[in-house]
Amino acid sequence: MQWLLHGNLHPGVADALRARGDTAHGVDELGLGPAADRAEILQAAHVRQWDILTTDSELAQAPFDGRARFGRSIVFLRREGGDAEQSDAIDRLFARHKRLSPGRLYTVTAGRVKVRQLPTGNW
């Protein structure tokens, strides 16, 4: 899988994804510039077919607010803490969900993983 890492993520998260054989990209690789809004980030990731891993609640909420559509997976880490806590959250996510489904928001908290379908519409 190709991942866009967004928000306050520790370097161990990228390492955990790479250990799974995935590729991690930074927002700077989108070429949008510092003033890009969340809808532009979602659109650029969608075009590149990158799933998103974020700690930003506004980015995770953007498809539900009608500001942007996104057909890939979004993983929203609501887990505060250091490298170990966020890396453990990634491990727990993939222990419970071997394959992530497109069009879903996975919210990872300290105690569970909640799955919610993203809005669909005309692309």
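Trainee: Leaving aside its neighbours within four places in sequence, which residues is R67 in contact with?
Mentor: A word on the model first: it is predicted, so local features need pLDDT of at least 70 and side-chain atom pairs count only at pLDDT 80 or more, while totals for chains, interfaces and linings use all residues. Residues are numbered from 1 along each chain as its sequence is written, and side-chain values use heavy atoms, with hydrogens and water left out. R67 lies in the loop between α3 and β4, where helices (H or I, at least four residues) and strands (E, at least two) are DSSP runs numbered from the N terminus. With contact meaning heavy atoms within 4.5 Å, the partners of R67 are A39, E58, Q61 and A62.

Trainee: Is R67 buried, partly exposed or exposed?
Mentor: Buried means under 20% relative accessible area, exposed means over 50%, and partly exposed is in between, with a 1.4 Å probe and protein chains only. The relative accessible area of R67 is 44%, so this residue counts as partly exposed.

Trainee: How far apart in space are A39 and A62, C-alpha to C-alpha?
Mentor: A39 sits in helix α2, and its contacts beyond four places in sequence are R67 and A68. A39 and A62 are 23 residues apart in sequence, and their C-alpha distance is 6.9 Å.

Trainee: What is the phi of Q49?
Mentor: Look in the loop between α2 (38–48) and β3 (51–54), where Q49 lies. Most residues other than glycine have a negative phi. Q49 is not a glycine, yet its phi is positive, at about 60°.

Trainee: Is Q49 buried or exposed?
Mentor: Its relative accessible area is 52%. That value is over the 50% cut-off, so Q49 is exposed.

Trainee: What separates the C-alpha atoms of G12 and E85?
Mentor: G12 has its place in helix α1. Along the chain, G12 and E85 are 73 residues apart, and their C-alpha atoms are separated by 9.3 Å.

Trainee: Which residues touch the most other members of the largest nonpolar core?
Mentor: A nonpolar core is a set of buried Ala, Val, Leu, Ile, Met, Phe, Trp, Tyr and Cys residues joined through side-chain atoms within 4.5 Å. This core has 19 residues, and the elements giving two or more of them are β1 (2–6), α1, β4 (74–77), α4 (83–96) and β5 (104–108). L17 is in contact with W3, L5, D22, L53, I90 and F94, leaving aside neighbours within four places. The members that touch the most others are W3, L5, L17, L53, V75, I90 and L93.

Trainee: How many residues does the second, separate core have?
Mentor: Among its members are L30, I41, A45 and F70. A45 is 17 Å from L17, C-alpha to C-alpha. The number of residues in this second core is 17.

Trainee: Which geometry does the pair of W3 and F94 have?
Mentor: Rings of Phe, Tyr and Trp (its six-membered ring) pair if their centres lie within 6.5 Å; planes under 30 degrees apart count as stacked, over 60 as edge-to-face and the rest as tilted. A search of the whole structure finds one aromatic pair. W3 and F94 are both buried. Their ring centres are 6.3 Å apart and their planes are at 80°, so the pair is edge-to-face.

Trainee: How many residues apart in sequence are the parts that this pair ties together?
Mentor: W3 belongs to strand β1 and F94 to helix α4. The pair therefore ties together parts whose separation in sequence, in residues, is 91.

Trainee: Which element gives the most to the lining of the largest pocket?
Mentor: On a 1 Å grid over the protein atoms alone, a pocket is an open set of points where a 1.4 Å probe fits, with protein on both sides within 12 Å along at least five of seven lines; lining residues have an atom within 4 Å of a point. The lining includes S57, A60, Q61 and R116. Elements that each supply at least two lining residues are α3 (57–61), β5 and β6 (113–117). With three residues, the one giving the most is α3.
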